[in-house]
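User: Got a model here and I'd like to go through its charged side chains. Can you take a look with me?

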Amino acid sequence: AGRFTLTFATAYSMSKRALIAFSDGLRAEVKPWDITVHTIQPSFYQTRENINDVMNSVIDVYHGFWDKAPEEAKKAIGLQYRDARVKSLRDLCYLFARPLDKMDEVTDDMIDAVAGVSPQV
């Protein structure tokens, strides 16, 4: 989400992109002093708990917003759109999930960013 916008996750994607843009700018600004700036952008991994917990949290928050919305807004948006959004978020989560045996990628990237002589880009 930091390099592209996820459908129905515009605010989330925007905030991640802002952090990436900040890091990119900071990296260029401190390069003359041989200071490096690293970002690690992990994905979801195919652990049942991870995906289910994330999806349940997102759906709970979304339904909470829906429940508090004015009736005219609910009528204008419609249950069909609400349910399509929830399905889209769930589908994206599973689509981008990395295999469980790749989970060490995140810690490997952290170690490389902190201790590597020439961190990977």
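User: Which residue lies over the face of Trp 66?
Analyst: This is a predicted model, so keep in mind that local features need pLDDT of at least 70 and side-chain atom pairs count only at pLDDT 80 or more, while totals for chains, interfaces and linings use all residues. Residues are numbered from 1 along each chain as its sequence is written, and side-chain values use heavy atoms, with hydrogens and water left out. A charge sits over a ring if NZ of Lys or CZ of Arg is within 6 Å of the ring centre and within 35 degrees of the ring normal. At 5.4 Å from the ring centre of Trp 66, the residue over its face is Arg 82.

User: How many salt bridges does the structure hold?
Analyst: A salt bridge here is a side-chain nitrogen of Lys or Arg within 4 Å of a carboxyl oxygen of Asp or Glu. One of them joins Asp 91 and Lys 87, at 2.7 Å from N to O. The number of salt bridges is five.

User: Which residues do salt bridges that share partners join into one network?
Analyst: Arg 27 meets Asp 24 in a salt bridge at 2.8 Å, N to O. Arg 17 bridges to Asp 24 too, with the closest N and O atoms 3.9 Å apart. The network is Arg 17, Asp 24 and Arg 27.

User: Is Asp 24 buried or exposed, or in between?
Analyst: Buried means under 20% relative accessible area and exposed over 50%, with partly exposed in between (1.4 Å probe, protein chains only). Asp 24 has a relative accessible area of 26%, so it counts as partly exposed.
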